[in-house]
Amino acid sequence: MNYILHILIMINIYLILSLSLNLIVGYTGLLSIAHAAFYGIGAYITTLLMMNMGLNFFIALFITIPVVMLVSLLVSFPSLRLKGDYFVLATIAFQVIVFSILYNWISLTRGPYGIPGINRPVLLGFKFDSLPSYFFLSLFFVIIVGLLFKLLYKSPFGRVLKAIREDEISAKAMGKNVDSLKIWSCLIGCGIASISGALYAGYVTYIDPTSFTLMESVFILSIVLVGGSGNFRGPIIGTIFMVILPEILRFLGLPDSIAPNVRQMIYGALLIILMKYRPQGLAGEYRFE
Amino acid sequence: MIWQFLANGLIRGSMYALMALGFGLIYNTTRIFHIAHGAVYTVAAYLFYTCAILLKLNVFVSLFLALFCSGILGVIIEFSIYHPLYKRKASIGIYLISSLGLYIFLINTIALFYGNETKTLSPGIEKTYHIGSIILTRIQIFELISFIIIFPIFLFFLKRIKLGKIIRALADNPELSTVVGINVKKIRIIIFFLGSILAGFTSCLGALDVGMDPHMGMNVLLIAAVAVIMGGVGIFESPVVGAFILGLLQNLLIWKVSSRWESMVTFMLLICFLVFRPQGILGKKRRLEET
């Protein structure tokens with residue numbers, strides 16, 4: 001039972017990540033490989049606020065989201081001038097820089113040693129200590145974030161983003177402020193990603209920079225790509241598939257030493273095959289055209 | 001100290017330059033952001049390891065085999081993955097994601113067979129030479145010499161040989177070069193073969209120098225991409241400029257600050273170039289429609 005709850009909590013954390021990345025990749029058409037950076041910044045800022053200032057988890061999270069949104073401007077401002085693989089390279093650069101800061105700014109983040117002993121969230125005297133309570137906490141966030149994105153995807157805002165994705169120049173010609181819309185899309189997507197960071201830190205109670213590497217960004221991106229982007233159900237299917245995949249492999253009796261490699265081989269191969277035969281992913285809409 | 005720093009910077013720069021020349025050759029002509037080039041880099045080093053250590057072949061025979069096989073791997077990648085996408089006129093995003101998927105697949109296949117740990121090729125301590133106040137190992141001198149030999153050959157090939165001129169024509173205007181009867185499919189295969197051999201050569205030298213692990217490819221690939229963009233996209237010899245700047249800068253950091261901030265400074269530089277001078281050091285400003 002605890003095992004299933006653990007998987008469900010991880011699914012919830014990744015659902016928030018994939019839904020928020022979907023807004024950037026699937027709706028705005030900006031192929032970003034920097035989502036783990038915002039996930040990491042969210043986790044670190046919440047943790048540091050909790051550990052150093054003694055703030056409550058929820059207050060810390062409330063401060064973290066706007067801060068991460070501000071940080072996301074660092075990516076979205078340069079992105080306005082870049083297209084295609086230049087943009088992708090810029091996001092990779094940002095991801096590497098953030099990892100490097102988390103890893104090397106030892107006086108603040110303790111670098112490679114990580115931060116142990118993070119407190120579980122407490123709300124009105126109730127501590128989310130047990131697995132079921134933490135599951136409901138993460139489910140609560142998923143429902144709020146899910147509703148938010150459901151509304152956003154359907155709203156005029158979401159439709160303008162789709163227009164930018166399909167044809168940026170036409171959208172401009174229709175009088176839409178493409179630059180500010182792109183910035184808003186990154187602001188919202190990255191701000192929401194920090195919620196998962198905070199949830200992850202509160203759940204695992206230990207964070208270190210190796211959870212937020214370039215390969216983690218690639219993993220989050222491949223969730224969105226495998227499930228499919230540009231609609232609501234794609235990222236959900238992708239998350240469930242990609243988080244459960246290693247567990248299925250475990251049940252097939254693969255030894256632990258090779259299981260991570262086999263898992264990554266499968267999703268690498270999946271990306272190639274999907275891009276060749278079904279670029280919109282398992283259940284997505286956006287075909288990267 | 002300053003001479004040692006310059007020597008180390010130049011050696012590192014020449015390794016980056018060799019990798020970046022291969023990456024630039026592919027990127028300039030096909031416009032594919034070939035992330036799997038990093039995987040070719042890793043595969044070549046492991047092929048070399050298999051031949052030289054596991055099968056106990058002669059070093060030069062194994063180097064030849066490793067280079068040939070990495071070239072063939074490049075051709076297989078082009079033939080099985082990029083060419084179908086090219087025929088379909090796929091977008092940049094699709095190329096990029098396929099390449100990323102291929103990178104993940106190949107790297108993990110290597111890790112599955114050889115393990116994730118670092119392997120070294122040369123046992124014991126490498127022989128060193130003292131030139132004035134500079135201390136260099138034998139393999140470092142070899143790295144510098146191989147760049148000095150390969151770079152003029154590369155330039156001669158591109159500027160004087162007919163095949164090189166065809167490659168430049170293809171880079172300049174893919175559609176027009178089909179009109180004048182260039183067999184794009186064949187030329188692309190040759191480009192991937194040559195580019196992959198350059199990557200393989202760099203990786204074998206690097207493996208002899210500092211050893212290897214399955215995940216080394218990504219870092220080298222990104223530095224090659226940074227060098228290409230710094231030098232200027234569209235000019236085949238320009239990555240050398242970027243590569244030497246990076247090599248010297250990284251060694252300056254190691255000397256004056258610490259090697260920890262190496263990747264951060266490299267990528268800060270990349271972002272500055274992307275934002276303020278996207279055409280690179282040698283590039284000319286182009287209009288949007290031309291790119």
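This is a predicted model: local features need pLDDT of at least 70, side-chain atom pairs count only at pLDDT 80 or more; totals for chains, interfaces and linings use all residues.
In the hairpin of E1(B) and E2(B), with two residues between its strands, B:Gly132 takes a positive phi near 60 degrees. Residues are numbered from 1 along each chain as its sequence is written, while chains are lettered from A and ligands numbered from 1 in the order in which they are written. Helices (H or I, at least four residues) and strands (E, at least two) are DSSP runs, numbered from the N terminus.

**The hairpin of chain B**

- Strand E1 (residues 128-131) of chain B runs antiparallel to strand E2 (residues 134-137) of chain B, and four bridges join them; strands pair if DSSP finds at least two bridges between them.

- Chain B holds 11 helices and two strands, and its elements run α-α-α-α-β-β-α-α-α-α-α-α-α from the N terminus on.
- The radius of gyration of chain B is 19 Å, close to the 19 Å that the globule rule gives for 291 residues, so chain B is as compact as a globular protein of that length. The radius is taken over C-alpha atoms, and the rule is 2.2 Å times the number of residues to the power 0.38.
- Taken along the principal axes, the C-alpha atoms of chain B fill a box of roughly 55 × 45 × 35 Å.
- Chain A has 12 helices and two strands, in the pattern α-α-α-α-α-β-β-α-α-α-α-α-α-α along the sequence.
- For the 289 residues of chain A, a compact globule would have a radius of gyration near 19 Å, and the 19 Å of chain A agrees with that.
- The box filled by the C-alpha atoms of chain A, along the principal axes, is roughly 55 × 45 × 35 Å.

**Where the chains meet**

- In the interface, 34 residues of chain A are in contact with 32 residues of chain B; a contact needs C-beta atoms, placed from the backbone, within 7 Å.
- Helix H4 (84-104), helix H10 (214-227) and helix H12 (259-277) of chain A each supply at least two residues of the side that touches chain B. The largest share of that side, 13 residues, comes from H4(A).
- By class, the side of chain A that touches chain B has 24 nonpolar, six polar and four charged residues. Here Ala, Val, Leu, Ile, Met, Phe, Trp, Tyr, Cys and Pro count as nonpolar, Asp, Glu, Lys and Arg as charged, and the others, Gly among them, as polar.

**Helix packing in chain B**

- Helix H1 (residues 2-30) of chain B packs on helix H8 (residues 184-210) of chain B at about 165 degrees, with the axes 9 Å apart. Axes are lines fitted to C-alpha atoms, for helices over the stretch in contact, and angles run from 0 to 180 degrees between N-to-C directions.
- H1(B) and H8(B) are therefore roughly antiparallel. Angles under 35 degrees count as roughly parallel, over 145 as roughly antiparallel, 65 to 115 as roughly perpendicular and the rest as oblique.
- The crossing of H1(B) and H8(B) is left-handed: the near helix is turned anticlockwise from the far one by less than a right angle, whereas clockwise would be right-handed.
- Among the residues in this contact are B:Met15, B:Leu18 and B:Phe23 in H1(B), and B:Arg188, B:Ile191 and B:Phe192 in H8(B). The contact of H1(B) with H8(B) divides into 14 nonpolar, six polar and one charged.
- Helix H2 (residues 37-54) of chain B and helix H9 (residues 216-231) of chain B have axes that come within 8 Å and cross at roughly 130 degrees, which makes H2(B) oblique to H9(B).
- H2(B) and H9(B) have a right-handed crossing.
- B:His37, B:Gly38, B:Ala39, B:Tyr41 and B:Thr42 in H2(B) meet B:Met216, B:Gly217, B:Met218, B:Val220 and B:Leu221 in H9(B). These residues divide into six nonpolar, four polar and no charged.

**Helix packing in chain A**

- The axes of helix H7 (residues 156-166) and helix H9 (residues 178-204) of chain A come within 10 Å and cross at roughly 115 degrees; H7(A) and H9(A) are therefore roughly perpendicular.
- H7(A) passes H9(A) in a left-handed crossing.

Technical notes:
Two residues are in contact if their C-beta atoms, placed from the backbone, lie within 7 Å.
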